[in-house]
Amino acid sequence: MKKIKSLLIANRGEIAIRISETAKKMGIKTYGIKTSKEPNAFYLQHIDEIIDFTEVLSDIPEFLDINRIIFSIKEHNIDAVHPGYGYLAENPYFAQKCIENKIIFIGPTPDAIYKLGNKTIAKQLASTHQVPLLQGSNGNIRDSKHAKQIARKIGYPVILKAASGGGGRGMRIVEHEKDIEKMFRMAQNEADKAFSDPSVFMEKYVRNPRHIEFQVLADHHGNIIHLGERECSIQRKHQKLIEESPSVALNNELRSKMSKAAINIAKASKYRNAGTVEFLLDESGNFYFMEMNTRIQVEHPVTEMVTGIDLVEWQIRIAQGEKLTIKQQDVKLNGWAIECRINAEDVQSGFTPYLGTIEKIQFNKSKYCRFDSGITDGSMVTANFDSMLAKLICFGDTREKAIINSLNALNRLQILSIKTTIPFCKAVLNHPKFKKGEISTSFITKDMKQLYHQEPDEELIAAFWAALNHNVQLDIEDKTYVDYEKGKNMTPWLLNKRLKSL
Amino acid sequence: MMVSRSKSKKQKFISCTEKNKKYEFVNPKELYIKQGKENIPIEIVSDKQGFVYIVWKKRKYLVDIIEKNQNQYEILVNGVSYSISVESPFSYKRRKYLAKNKEASKVEKIQAPMPGKIIEFLVEENQEIKEGEPLLILEAMKMQNEIISNIHGKIKNINFNAEDTVMKDDVLIEVEK
Amino acid sequence: MDINGKTYKDFLARIERQKIQNGSEKVNSQHKKGKLHARERIALLFDKNSFEELDAFVTSATPDSGLGKIDLAFGDGVVIGYGRINGRLVYAYSQDFTVMGGSLGAVHARKINKVQELALRVGAPIIGLIDSGGARIQEGVASLSGYASIFHHNVKASGIIPQISVILGPAAGGAVYSPALTDFIFMTKDTSYMFVTGPNVVKEVLNEEVTFDDLGGAEIHAKKSGVANFIYEDEENTILGIKKLLSFFPSNNMENPPFIDTQDKIERNVEKLRTLVPDDPNKPYDIKKVIELIADKDSFFEVSEHFAQNLVTGFARLNGKAIGIVANQPKILAGVLDINSSTKGARFIRFCDAFNIPVLTLEDVPGFLPGLDQEHKGIIKHGAKLLFAYSEASVPKITVILRKSYGGAFCVMNSKNLGGDYNFAWPTAEIAVMGPEGAVSILYKKELENAKDPKQMKKEFAAKYRQEIANPYIADEKGYIDEVIDPADTRKKLITAFESLENKHIEAPSRKHGNMPL
């Protein structure tokens, strides 16, 4: 394999900038894609060479346009492509196309992407390699009788999920046997409506689970290590909002058990490059394999902060065939890191996306903080893209200190003219249960009374500011001098003609 | 015959919140907020970058007007949004009088919180609904958002069809209390 | 006052009686309804101590017509007079709901006629503050004839002095037509209504239950019927709105509009305009953002904001001078022209023309709205109104083509051959007989039929068309537009261009009046 000298970043926003930074450090020339949807985007300023997609006429969004991207890579003679997360990051067809065109795809093999991306295959892989799984129907449920039968076998509560679904739609939790038939039919209906596929499967329902994931790195020479865990339990409708590393829920014993499972999965799929194995952890310390993400994760910086390892750098080094020089015993989790996602969302009305122009953004950095941002003054938040604008990652020797540093940093982060999740993040970090580490994926719905943090007298200050501005406005209108005389002064030319025409 | 305006030097402004909480300010330009009998001064600080802060009782608040329409203001204080309508003593009375009348009106209008495309309606006309029940799915920013009912009631009207594109504040559904 | 004779005693007693008549009881009865008293409204509207009331002591001529007693209150339920608003002479009448529900009898009507005549005689704007139950039934036909004479005066003054109607309470039956004949209508939310027949009649005739609000509330008239040009939350804000509107108008059709020193630089940096219009022709943007950047800071005052939102109309200032703006709104229905937007635009342009207010047109229009509904309702006739209004207008007229300018809509939106003085285009402009997609299906019909992938081919042809045909340079080189300009220079260009047209005059052909398609 050859050394990568040039790299196309097939992504936008903060992750494009994040990748470009490491690439620059490694002396790799970066290419980026300019789209008509945000031709003046911030990430383009961080890229050496811009490939213009603004003239492209296609229904396929730019970052999903495989043919066009492959064509551009070849046209510019670029060695490799980094897909970031989302878009083509977990598309086996794209990875395959890269191989066919002798382009280095920074990520695992198409085969691994395919296998791990397919829920059924991934679970089979797990079960044959002694990785615990949630008990379930192992396939779709035939009818309500079948549903009852399986539910009895795995024990209530159970959850019904749409086979082609995601994002919480078509899901039903069933607590008692008397509801199973009704709920099954409802789940089917919903699944049919939402995804035009009524297939539904069943799983054991874990109450108040934690979301724990393990970062792994694997090279082409059979070396696999893990970089510890991340806890991403603070989520809303399966959208992660705050992540941390390590997790309070893991002791060394559990950590070693779970990491072994993670490495087993990676081995079983002949995994290469950086990947993440996601588990659910129940209240009694049982864990269950959920899925493996075959890409760099949004929340990778927390791992980087506690391990001191640049994950993107290793992604690139592995992709160019280098041997993993870090040994498992060298990996130490030092201190604590917390990531807050800054999304353009209106927390006060159900996390709805908030569109607009970011008039100004200001953040005073400090040595405990890292701010991965995809925006700058004047950036626009449009409906074309994801609402995540930036990530604020803070470090502390202990979890307590990391929380304090995060809160301080959030107070130093100011964004004008759009609503963001900053007040939400503050509310979580100030929550006594969060501070104690008593969190689960139902934290937001179960434990949070108010989803945003308010300082004392904020409403009073708002009321005052409105009154003052209104007062000033009225005064301006009252004092405006309207010069009527000017309207009466006319040149003889005009006056004459106007008079005549009447 | 002269008709003159009675104009005292005291200009009183009443700021009302969404939940009809009221705050009174006399001559806000004198930059203090009265608490009890004490006038506590306010300081307005703006920095080079254009951020404006209010300093009051040793606390610093970032303030930002994100929307303004006539006397209606939407203000972010430290990123939290507050809807404030600034009233005169008379218009405040009027507001209270109208609010009393409005209680009698029984129809709640569910408006689009943002522009987007309606993916599907989850309810039908004449259906009974509970507070917190999702009414429809609106897609914006590639995200499907559930629009939730804030009251118990019965669906009176559905004003759009699935696949329709709607603007912010369009009345999507009318719910009878 | 030193009083020594009976004359003065009577003089003062009368004033005292009038004071009692308009005392706190009456005022409070209005306040309880969330409304201000007729006199309070006048006091808010006019400069301090400037209002001079006329006919304050007249009373109804017919105390009892056999249909019931008539309140012989001083003034007969309407305050009339003149005063200064921002220093300028304005006439006004304000109906007093506390006297027989503000109902209109013969004397009441005569008083209104009086200020109408005076305003027209001296060439000053007139404002009607309306809060009336309608015709005074007790006075029978006398009150009807009163309405008729008000209408007649409205029409006589139309286009000579600005007339503004402000609905602050009910306006039912005949009462609605005076406002309808004036230039602009203001309404206050929740407390004002306008309808030809009220909910009771609707119930009796059609057996339909409707509320006052649904039938003729402020929001209905602002959004659905388009009758109300401005709506406000409360009366104080309504009155502020009237003052703001007036600041754009001359006193009469002989004068030019007034000037306000807005302190906004002519050569302000508006580079943001270069990126505001998306390259993608199908992507919406908010034209009001463009207007705000071009016009003097905070000067844009929108007219009929909630009606036919696909066309934005409003007043603004350029270097302190008033202009009227007509702009397609790509954010709503892609800015397409339909029946409502055509009539809205036409009426606005005619007002501007009558009162010497130059018109700026910002164009980004895909064409007229196609379809059965629009054709059957007569888009031909209504679209022609806009055409007529633009063509007829003799004030300075400038157009800036921002993006789309296709087909008939190109002609309609103040094209040069329709009498536009200057037509500018931004580099993003697309000027052609038809939009690319439509045009290529006709031009390349055969090729597309035989294509393997007609969709992709169509796209390619469309791109070619857009690049080669639908650009502003062909029109520029053939002289159909004056200049392709840098969007950042728009403000400066417009100020200079409008200044050059200040002395513009077009000899109107001698005729009674044109025959506008109505």
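# Reading a predicted three-chain model

Mentor: A:Ser245 stands opposite A:Ala337, a residue of β14(A). Keep in mind that this is a predicted model. We can begin with that strand.

Trainee: Which strand of chain A does β14(A) join through four bridges, and in which sense do the two run?

Mentor: First the general idea. The strands of a sheet pair through hydrogen bonds of the backbone, and the pairing is either parallel or antiparallel. Here, strand β11 of chain A, residues 239-245, is joined to β14(A) by four bridges, and the two run antiparallel. β14(A) also pairs with strand β21 of chain A, residues 388-396, in the antiparallel sense over eight bridges.

Trainee: Why is strand β14 of chain A said to be largely enclosed by the rest of the structure?

Mentor: A residue counts as buried if 20 or more other C-beta atoms lie within 10 Å of its own. Eight of the eight residues of β14, residues 336-343 of chain A, are buried, so the strand is largely enclosed by the rest of the structure. Across chain A, 48% of the 502 residues are buried.

Trainee: How many residues of helix α12 of chain A are buried?

Mentor: Eight of the nine residues of α12, residues 422-430 of chain A, are buried, so this helix too is largely enclosed by the rest of the structure. Among its buried residues are A:Phe424, A:Lys426 and A:Leu429. As a general point on helices, an α-helix has 3.6 residues a turn, so residues three or four places apart point the same way.

Trainee: What does the secondary structure of chain A come to?

Mentor: Chain A has 17 helices and 22 strands. Its C-alpha trace spans about 100 × 60 × 50 Å along the principal axes. Contacts can also be sorted by their separation in sequence. Of the contacts in chain A between residues at least 6 apart in sequence, 65% join residues at least 24 apart.

Trainee: Which domains does the domain assignment of chain A give?

Mentor: The assignment gives domain 1 (6-106), domain 2 (135-204), domain 3 (207-334) and domain 4 (335-456). The C-alpha centres of domains 1 and 4 of chain A lie 28 Å apart. Nine residues of domain 1 of chain A are in contact with twelve residues of domain 4 of chain A. The domain 1 side of that contact divides into three nonpolar, one polar and five charged residues.

Trainee: How many residues of chain A are in contact with chain B?

Mentor: 37 residues of chain A are in contact with 43 residues of chain B. On the chain A side, α15(A) gives the largest share, 14 residues. By class, that side has 16 nonpolar, 13 polar and eight charged residues. Chain B also touches chain C, with 15 residues from chain B and 20 residues from chain C. There, α1(B) gives the most to the chain B side, with six residues.

Trainee: Which strands are the edge strands of the open sheet in chain B?

Mentor: An open sheet is read strand by strand. In chain B, four strands form one in the order β10-β17-β15-β12, with antiparallel pairing. The edge strands are β10 (107-111) and β12 (128-129) of chain B, each pairing on one side only. Two bridges join β12(B) to strand β15 of chain B, residues 153-158. In that pairing, B:Ile129 has B:Gly153 as its bridge partner.

Trainee: Where in chain B does pLDDT stay under 50?

Mentor: Where pLDDT is low, the predicted coordinates should not be read in detail. In chain B, pLDDT stays under 50 over residues 1-7. The mean pLDDT of chain B is 83, and 89% of its residues reach 70 or more.

Trainee: Where is C:Met254 found?

Mentor: C:Met254 is in the loop between α10 (235-246) and α11 (273-276) of chain C. This residue counts as partly exposed because 17 C-beta neighbours lie inside 10 Å. Leaving aside residues up to four places away in sequence, C:Met254 touches A:Arg498 and C:Gly123. C:Met254 and C:Ile160 are 94 residues apart along the chain, with their C-alpha atoms separated by 8.0 Å.

Conventions: Residues numbered from 1 in each chain as written. Chains lettered and ligands numbered in written order. Predicted model: local features only at pLDDT ≥ 70, side-chain atom pairs only at ≥ 80, totals over all residues. Contact = placed C-beta atoms within 7 Å. pLDDT = per-residue confidence, 0-100. Buried ≥ 20, exposed ≤ 12 C-beta atoms within 10 Å, placed from the backbone. Pairing = 2+ DSSP bridges. Nonpolar A, V, L, I, M, F, W, Y, C, P; charged D, E, K, R; others polar. Domains from an automatic or database assignment.
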